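Please find below my notes on the model you sent. They are meant to be read with the coordinates open.

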Amino acid sequence: MITARAHTNIAFLKYWGKKDSNLILPYNDSISLTLNKFYTDTSVEFTSSMKEDEILVDNQPLTGSGLKRAKRVLELIRQKSGIKASAVVHSTNHVPTTAGLASSASAFAALAAAGAKAANLHLTDKELSILARHGSGSASRSIFGGFVQWHAGHDDQSSYAQSIQSPVNWDINLITALVDTAQKKVSSTNGMQAVVETSPFFPAWVKSAQADIEPMKSAILNKNLAKLGAIAENNAMRMHATTFGAVPNFTYFQPQTLAIIEAVRNIRKQGVECYSTVDAGPNVKIICASSDNDLIMEKLEPIMGHNQLLVCKPGPGVTYR
Ligand code: 2P0
């Protein structure tokens, strides 16, 4: 039995839209930061004593599309290794699930890593990233620590993530403002599909998102927080703009989401470098230097309780227990 731990990641440049839903190939590259705080531990054992794969997440049998995706990853591992046996999988999430904090990223990265090792496959990180991608797109990035780029690619083998900078050797972190941790109404998978099919803003999104990649990479490598933050904030807003253009229209924003975005703008006007980014949920992640965390949290306190604010630092890639 092998146990792997993978951490969640937050995209500074978003993945939003699949050009191939079966292979999970995105329209554009994305760039993320792997976090230290939220992670998934998954153990996998292949055993001939089981007739079928048994997959427990937080002690509950996995069902629905999560089960289908997990089986797909296990099936790929069996194909590669020649193993015929079923798998017993136990997964524990240390992530508030389905609240825009990307638990599927850490979950499928941990499953791919533990499964491959349990099957005695010696995969490179690139191969692991491709395998994890078949579970969930963003999982391809959680194989790596620090700043990561997912190359959109054009087929199975060319769509994988790669490290940009790990460990992160400058002062950047996130404050996660937890607006609502209840399960969201529109999953990322469904939200992005609706946008691809119906939003007239989608082609403009793809074009601008791809154009953000090189400037973002150079901002990371030059440790330029102001440039990085400005690009990330605009990228997130453009992603959300696609949902307003969808038919029927929808949004992940809640009133408090907008209040925090506005507060972040105001704090910035007062000379503190901070920028917001929002994923497929109502929570806001504030990109800033850790030396400004206390000041920013103090300024957010009129609209957010202190226990709704979580500091997340850059985290590592996959590890084995
Ligand atoms: C991201 N998100 O880049 C973007 C930003 C949500 C908003 O990756 O369908 O759960 O499993 O490939 O990976 C969430 O999408 O979607 C996501 P699937 P996934 O982080």
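The points below go from the whole chain to single residues.

1. Basis. This is a predicted model, in which local features need pLDDT of at least 70 and side-chain atom pairs count only at pLDDT 80 or more, while totals for chains, interfaces and linings use all residues. Residues are numbered from 1 along each chain as its sequence is written.

2. Overall build. The chain holds 8 helices and 14 strands (DSSP runs numbered from the N terminus: helices are H or I of at least four residues, strands E of at least two). Its radius of gyration is 19 Å, close to the 20 Å of the globule rule for 321 residues, so the chain is as compact as a globular protein of that length. That radius is taken over C-alpha atoms, and the rule is 2.2 Å times the number of residues to the power 0.38. The C-alpha trace spans about 65 × 40 × 35 Å along its principal axes.

3. Burial. Of the 321 residues, 49% count as buried. A residue is buried with 20 or more other C-beta atoms within 10 Å of its own, exposed with 12 or fewer, and partly exposed in between; C-beta atoms are placed from the backbone.

4. Strand β7. This strand (residues 86-94) has a covered face of A87, V89, S91 and N93, and its uncovered face is S86, V88, H90, T92 and H94. Strand β4 (residues 30-47) pairs with β7 antiparallel over 9 bridges, with T42 opposite S91. Strand β5 (residues 54-57) runs parallel to β7 and is joined to it by 4 bridges; here E54 faces V88. Pairing requires at least two DSSP bridges between the strands.

5. Ligand shell. There are 15 residues around the ligand, and A11, Y15, S136, G137 and S138 come nearest (near: C-beta atom, placed from the backbone, within 6 Å). Domain 1 (2-169) and domain 2 (173-312) each supply at least three residues of the shell; the bounds come from an automatic or database domain assignment.

6. Cis peptides. S166 and P167 are joined by a cis bond with omega of about 0°, and P167 sits in the loop between β9 (160-165) and β10 (173-177). The bond from V247 to P248 is also cis, with omega near -5°; P248 is in the loop between α6 (225-244) and α7 (255-269).

7. Positive phi. I24, in the loop between β2 (18-20) and β3 (25-26), has phi near 55°. I24 counts as buried because it has 24 C-beta neighbours inside 10 Å. K223 has a phi of about 55° and lies between α5 (202-221) and α6. With 14 such neighbours inside 10 Å, K223 counts as partly exposed.
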